[in-house]
Amino acid sequence: RKENYFGLIALQVGMLVAGSSPAQNLFWQWMNQTHNACVNYCNRNATAKTTESDMLLSYGAAVTAAMSISVGASKVVASFKGATIISRFVPFMAVASANILNIGMMRRAELSQGISVYDPVSRQPLGSSVVAAKKALMETTISRVVLPIPILVFTPMIMLKAEKHFPAIKTSPRIGLPLQLAVATSMFLMGLPISLALFEQEGTIYSDSIEDQISKKLPRNTLLKYNKGL
């Protein structure tokens, strides 16, 4: 997995501490989706070719979505009672929505070209399947939505509870920020293996459920594999 985990933790913490400031939210959402675009490109299924224009389109769409959702959600929750508490969960709503779009856009070539399916024993490629690509992207999307839940949902809940019992955490950044960083790091280290373990790196699919040009050459219900990406 080609990813800088310390950088990712810093991004998530940045979104958490941004508070209700629109400018700060926009900055951290931009940073996060820039990081995600790079991750999605590096961990795609490389059997489908991705052009530079696809990369730029994906990047622009994901960043625009994240910023729009972040600002829009912040304005909506501001009208509710207890908006300060609700606003702490805005980063997750923006990140989860933008992650879905980012994956779909960055890896859309797989949906049009298909990805390679192969024999699990001989590892011999048997053709490209759009059906397998859809399954791979669905699995990746679910993992990417689950990944930020501990750090962007559980961390605010823990911090709210801690601030209730120890007000100094909220009033003193010298206490609150290191504590939030420690909690967020712990949540990330918990969420990462869980999200990656949801689906195996090599997905499985039966020949009867994919395109005829592949299935007709194989016995019924032949088990095939594909690389789902990360």
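Let's start with the fold: the chain has 11 helices and 4 strands. Helices (H or I, at least four residues) and strands (E, at least two) are DSSP runs, numbered from the N terminus. This is a predicted model: local features need pLDDT of at least 70, side-chain atom pairs count only at pLDDT 80 or more, and totals for chains, interfaces and linings use all residues. Residues are numbered from 1 along each chain as its sequence is written, and side-chain values use heavy atoms, with hydrogens and water left out.

Burial next. Of the 230 residues, 44% count as buried. Buried means under 20% relative accessible area, exposed over 50%, partly exposed in between (1.4 Å probe, protein chains only). Contact means heavy atoms within 4.5 Å. Take contacts between residues at least 6 apart in sequence: 70% of them join residues at least 24 apart.

Now the cores. A nonpolar core is a set of buried Ala, Val, Leu, Ile, Met, Phe, Trp, Tyr and Cys residues joined through side-chain atoms within 4.5 Å. The largest one has 15 residues, and Phe92, Ile151, Leu152 and Phe188 have the most contacts inside it. Helices H5 (90–106), H8 (149–165) and H10 (173–197) each give two or more residues to this core. There is also a second, separate core of 10 residues, which includes Val117, Ala132, Ile210 and Leu224.

Back to H5. How does H5 pack with helix H7, residues 130–146? The angle is about 160°, and the axes are 9 Å apart. Axes are lines fitted to C-alpha atoms, for helices over the stretch in contact, and angles run from 0 to 180 degrees between N-to-C directions. H5 and H7 are therefore roughly antiparallel, a label for angles over 145 degrees. From H5, Phe92, Ala96, Asn99, Ile100 and Ile103 meet Leu137, Thr140, Thr141, Arg144 and Val145 of H7.

Look at Thr140, in helix H7. Is Thr140 buried or exposed? Buried, because its relative accessibility is 2%. Beyond four places in sequence, Thr140 touches Ile103, Arg107, Lys228, Gly229 and Leu230.

Most residues other than glycine have a negative phi. Arg123 is not a glycine, yet its phi is positive, about 65°. Arg123 sits in the loop between strands E1 (115–118) and E2 (125–129). Asn221 also has a positive phi, near 55°. Its loop lies between helix H11 (212–215) and strand E4 (223–227). Arg123 is partly exposed at 43% relative accessible area, and Asn221 is partly exposed at 45%.

Notes
Angles under 35 degrees count as roughly parallel, over 145 as roughly antiparallel, 65 to 115 as roughly perpendicular and the rest as oblique.
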